[in-house]
Structure formats: structure tokens, C-alpha cells
Number of protein chains: 2
Amino acid sequence: MVALSTNLSQDFYKHVKELIFRPMKTVDKAMGLLRHFTPTQPEIGLSELARLADLDKATTRRILVSLSKHHFIEQNQITKAYRLGSGFLHLARVREATTPITAIANQTVDWLSEVTNETAHASVAGPSALITIAHKEPHRGTVVMIDPTEPLPFHATASGIAYLAFNDPEVMNAALRQQLGKYTEFTETNPDAIRQRVAKAKADGFFLNEHGFESDVAGLAMPYFNADGSAAGAIAVAMPITRKSEELVTKIKRNVAAASARITTAIGGVLHPNVQQLMR
Amino acid sequence: MVALSTNLSQDFYKHVKELIFRPMKTVDKAMGLLRHFTPTQPEIGLSELARLADLDKATTRRILVSLSKHHFIEQNQITKAYRLGSGFLHLARVREATTPITAIANQTVDWLSEVTNETAHASVAGPSALITIAHKEPHRGTVVMIDPTEPLPFHATASGIAYLAFNDPEVMNAALRQQLGKYTEFTETNPDAIRQRVAKAKADGFFLNEHGFESDVAGLAMPYFNADGSAAGAIAVAMPITRKSEELVTKIKRNVAAASARITTAIGGVLHPNVQQLMR
DNA sequence: GACCAACGGTTCAATATTGTCACCATCGGC
DNA sequence: GCCGATGGTGACAATATTGAACCGTTGGTC
């Protein structure tokens, strides 16, 4: 009886811990600072960064000083603002040498754009959105143009929904806790409706988004996978909505599935059955 | 008298602090872990990493867990080994959007290789060596081939010496404190001799290295500069030593200087006079 | 199949680091 | 010369980090 209750409470503790335990708060804070540097705001002053990250100025500065020792942060000597350093170039190269995802994604996207004759793009999970790592527009008149520096919000893009569908529910919860931007008048910003979309994507193995991020554009996306079966990112085709037909969608679906399989196997991941079956 | 001695001790304290004060040890440790991932050893187990970084296993693991929360570290689910995550792809893109050093370096290296008709390469400062960010071999028979994934050790390459020459002396001291590898039978590994080379490079504005990193290869390098006047990295030309002549070296020197100037201005840096005068 | 060594992973009291907050110096507008 | 903003700093209480010792597994050896 006593033993039982002890085991129970231990299990419960462990469970809670897995959910909320955050070792190394300091590291979390440091990494949290980095996410505020974006293509649209690449340099940030001390006070503003502290405000953004919800940290004390002194703390923020100490972290920045430490990061700059390792070339991860640089300071503009004139404005005193901070920006990302060259250290990331190095680590991105090492990462790419290990897992050549950018190279594979480029190849795959080129192929996908060619066979579908529409714009294709691939993305990986970033801190609060997906980041485009490869894109290609086909050579013809009306195509969807992509800004590769613009983050793809989870809730408003086909890629984002597809990514969330094959990841830990906690990732989705975190995504829905953010401010959900309205990019077109049709962008779905109701968390419950988005959860339904994610559930549908999980069942179908893909997601088709219309007008959600850009007007008059439909995107069809599937995730590609890590070795543990979770989504690592997404690959998608974007078409002008006027061109959308059942036939085209079927074709794109099959090709995107093949592209997902290609990237997944190249990075040593395991394909989810729901995606796999779409290749047929 | 009292005031004087107080000021003195405060100044002394401040001086010592600047030398040894390391705020945010935790951040230092976390960043220190990252440097052990290299193209040749991209996945590292917990115990080995702890040994390499000279940290406790428990500490190491807590840091890794925190980093992986932010996509900076991934774990191979089968071998349990850790590797760099996709987060760096994102930050490298942001950094590149801010300071397009890779793009500029590629252009410049292409040009430099064409006008000199020899192999050209550019590098940025990494944690313990320079990292190649761009390289180009000319189209002809005998040229020097470069492995772009191999780090360029500070002490054994023209680029490394040129970089150290225009940076804080403390960077050089740190570099010389490392194990100084012997890559050819001519590699200089005596710290004092290396210091002399660095001093010469500082006076000349460039450095010519022969047989130091690869046999039968001569490299001529100059730094390019940050906004604060310190070296950010180096640009170099490598030629087979059999082709080396006073005439060729003069030509290369002038062209490398132009290349350094181009990169420096593109990233908003200030060119050091010693390098500038070599363009004439 | 029993031993061993090495691995990944975890715990909790002891301890070192960090956050807080009040503070300075400087800048630009008014 | 004041105001409110900025970047930056220091002392000490509050808190997060540490590390020896501890599991439970795995894989090799005899």
C-alpha cells in the first residue's frame, strides 16, 4: 500500500517533470534571445531586446557578451545595436555536412517544380514558424512568387499545418499560444478551427490551404520526417487558385508525396504511412 | 591618499575583471559544446562530449536537452549520439540577410580566381580556426585543390596568420595556446616563431606561407575587416610552389588587396591602411 | 550465463551563479 | 537645463547549477 502510493507519486512527479521541467534556464534565455533577430529586424538595441525577450537589461547584456565571445553575436560599434555573428555560418556548414538537407531540398524542389509546373518550396522548423530553405518557380507566365526570407506561420500556411499535424501536440499548443496573424481576409485564426485542420491533415497525410497566407493562392503541403518519426519540416507546391482542379491537385499530391519521401530518406528519417500511401 | 588608493584598487579590479571575468559561465559552456561538432565528427555521444568539453556528464546532458528544445541539437534516436540541429540553418540565413558575406565572398573569390588564374578562397573566423566560406579553382591543368569543409588552422596557413595579425593580441594568445598541429614537415609550430610571422604580416599587410599547410603549395592571404577595424576573416590565393615568382606574387598581392577591399566595404568594414596601400 | 566495463541518464544537498534594482553617463529633443 | 530615452554597471539576496554517486542497459569476453 505504501509502496504503491510512493510509486504513484513518483510516476506522477516524473510525468509533470517531463511536461514542465526546464533544465538550464540560462541556456533557454540565451537561445530565446537569438530568436528575436529576423531578416526584418536584424539589429536590436539592448533595451529593446531585453523588452522583447522579457529579461532584465543586465541579464540580457551578460548573455550577449558571452555569446559575442563565441562569435555568435556582434555589436554595431556606432549604433551599439547587436546582431547575429558569423559563428552561425560555421555551424550551419557543419550541420549541412552532416545532414545535407539544404542540398537535398534544393534538388527535390527543382524536380518538384518541373514535374508539377508550379512553384515548389521546402522549409524547416524555425523557432516560431517554418523557414524556407529551398524554392523554385517554373518558367511560365502566371506562377506564385515566394519571398524566401519570409517565415511561414504555422497556422496560416499549408506547410505549417502539415508540420504541426505530424509533431508533438505540445508543439501545436505552443504555436497556437502565439499571436495568430491575419494575412488575408480568409486566414483562419480561431485556435479550435486550426486544431481541426491539423487533425484533418494528420488523417489525410497532407494539407490543402486556400487564400490562407496569400490571396488567390492555394498551397498543398506534406511534412518530411526525422528518424524518430516526427516532422522535420514541410515541402509544398503553391498554385494560383484559378488553376486549381481536382486533376491538378491529385497530380500534385502524388508528386509532393514522392518529394517528401525523397527528402525523408535522404536525411535518414522514417516516412509516416499516411504520407506514404499518397504516392500511389 | 585614501581616495587615490581606492581608485587604484578599483582600477586594478576593473583591469583584472576585463581579463578574467566571464559572465554567464553557463552560456560559455553551452557554446563551448557546439564547437566540438565538426565535419569529421558530426555526431558525438554524451560521455565523449563531456570528456571533450571537460564538463560533467550531468551538466553536459542538461545543456544538450536545453539546446535541443530550440532545435540547435538533435539526437540520433538509435545511437543516442547528439548532432547539430536545424536551428543553425535558420540563423545563418538571417545573418546572411543582414551581412551577405557568403554571397559577396563567392563573387569576389570567383573574380579573384579568374584574374590570378589560381585557386582563391575566403574564410571567416570560427571557434578555433578559420572556416572556408567560398572557394574557386581556375580552369587549367595544375591547380591547388581545396577541401571546403576542412578548417584552416591559425598557425599553419597564410589566412590564419593574416587574420591573427589584424586582431586583438588575446585572440592570438588563445590560438597559440592550442595544440599546434604539424601538417607538413615545414609547418612552423614554435609559438615565438609564429608570433614573429604575425608581426611581419601586420607590418606588410599580407602573409605569404610556403609548405605550411600542404606540401608544395604557397598561399598569399590578407584579412578583410569589421566595422571596428578588426579582422573578420581572410581571403587568399593558393598556387603550386613551382609557379611562384616575384612577378606572380606581385600580381596576386595587388589582386588579393582589391578583393579584401571589396569584401570589407561590402560588409561595412574599415580597411586597414597596411592592406589598402597594397592595391597600388 | 555470469562477469565486467562503458554507456546514457538521473538525483539531491552543497555551492556558485544569476536576477534584481538602484544607479551612472550619455544622447537628442524641447 | 530639463526630460526621457538609451547603453552600461555593481552589490547582494535569490536561485539555478553542479557533481559524486546512483540506476538500468548494452555489448563484449571468458
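## Basis

Local features of this predicted model need pLDDT of at least 70 and side-chain atom pairs count only at pLDDT 80 or more, while totals for chains, interfaces and linings use all residues. Residues are numbered from 1 along each chain as its sequence is written, chains are lettered from A in the order in which they are written, and side-chain values use heavy atoms, without hydrogens and water.

## Strand β7 of chain B

Strand β7(B) spans residues 231-240; strands are DSSP runs of E, at least two residues long, numbered from the N terminus. In β7(B), 10 of 10 residues are buried, meaning under 20% relative accessible area with a 1.4 Å probe and protein chains only.

Strands pair if DSSP finds at least two bridges between them. β7(B) pairs antiparallel with β3(B), residues 119-125, over 6 bridges; here Ala234(B) is the bridge partner of Ser123(B). β7(B) also runs antiparallel to β6(B), residues 217-225, with 9 bridges joining them, and Gly233(B) stands opposite Tyr224(B). β6(B) and β7(B) form a hairpin with 5 residues between them, and Gly229(B) in the turn has a positive phi of about 90 degrees.

## Domains of chain A

Chain A is divided into domain 1 (20-89) and domain 2 (99-279), with bounds from an automatic or database domain assignment. Their C-alpha centres lie 30 Å apart.

## Relation of the chains

Chain A superposes on chain B by a rotation of 180 degrees with 0.1 Å of shift along the axis, at RMSD 0.1 Å. The two copies are thus related as by a two-fold rotation axis.

How values were computed. Buried means under 20% relative accessible area, exposed over 50%, partly exposed in between (1.4 Å probe, protein chains only). Helices (H or I, at least four residues) and strands (E, at least two) are DSSP runs, numbered from the N terminus. Copies are superposed by least squares on the C-alpha atoms of residues with pLDDT of at least 70 in both.
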